[in-house]
Amino acid sequence: QVQLVESGGGLVQAGGSLRLSCAASGRTFSSLRMGWFRQAPGKEREFVAGTSSSGGSTYFADYTDSVKGRFRISRDNAKNTEYLQMNSLKPEDTAVYYCAARVGGSIVSSNPHEYDYWGQGTQVTVSS
């Protein structure tokens, strides 16, 4: 069983930055394909960013269009941790952010139903 624990959320002014962390345990981290999703009040959960690998130590990332150039996802396999660096934050980025993981797969999936494990979520609020 994989456990995911997010941290790093908070309140920030528009234009500011936050870094979210997702610490994973229970399985070899390098075998996990990770993703970040967010859910704003009254809206469906949406894909933000994710990483995958075709094998080996090289990972690649994908982002939803609205965060490209502002957010950066990265992972540290030695620390079993995935990060989401969020820059130039906008009020519309306000949401609960969730870390998710799935085992295997060679592409980044934006479908939340393809992820097997979820964190508890961390609130990100961007004030105007």
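Begin by selecting Asp93 and Arg38, which form a salt bridge (a side-chain nitrogen of Lys or Arg within 4 Å of a carboxyl oxygen of Asp or Glu) whose closest N and O atoms are 2.9 Å apart. Asp93 lies in the loop between β8 and β9 and Arg38 in strand β4, 55 residues apart, strands being DSSP runs of E of at least two residues, numbered from the N terminus. This is a predicted model, in which local features need pLDDT of at least 70 and side-chain atom pairs 80 or more, while totals for chains, interfaces and linings use all residues. Residues are numbered from 1 along each chain as its sequence is written, and side-chain values use heavy atoms, without hydrogens and water.

Asp93 has 1% relative accessibility and therefore counts as buried, a term that means under 20% relative accessible area, with exposed over 50% and partly exposed in between (1.4 Å probe, protein chains only).

For a contrast in setting, select Asp65, which is exposed at 62%, and its salt-bridge partner Lys68, which is partly exposed at 46%.

Next, show Cys22 and Cys99, which form a disulfide (sulfur atoms within 2.5 Å) with their sulfurs 2.0 Å apart. Cys22 sits in strand β3 and Cys99 in strand β9, and both are buried. The S-S torsion is about -75 degrees, so the disulfide is left-handed.

Notes
Helices (H or I, at least four residues) and strands (E, at least two) are DSSP runs, numbered from the N terminus.
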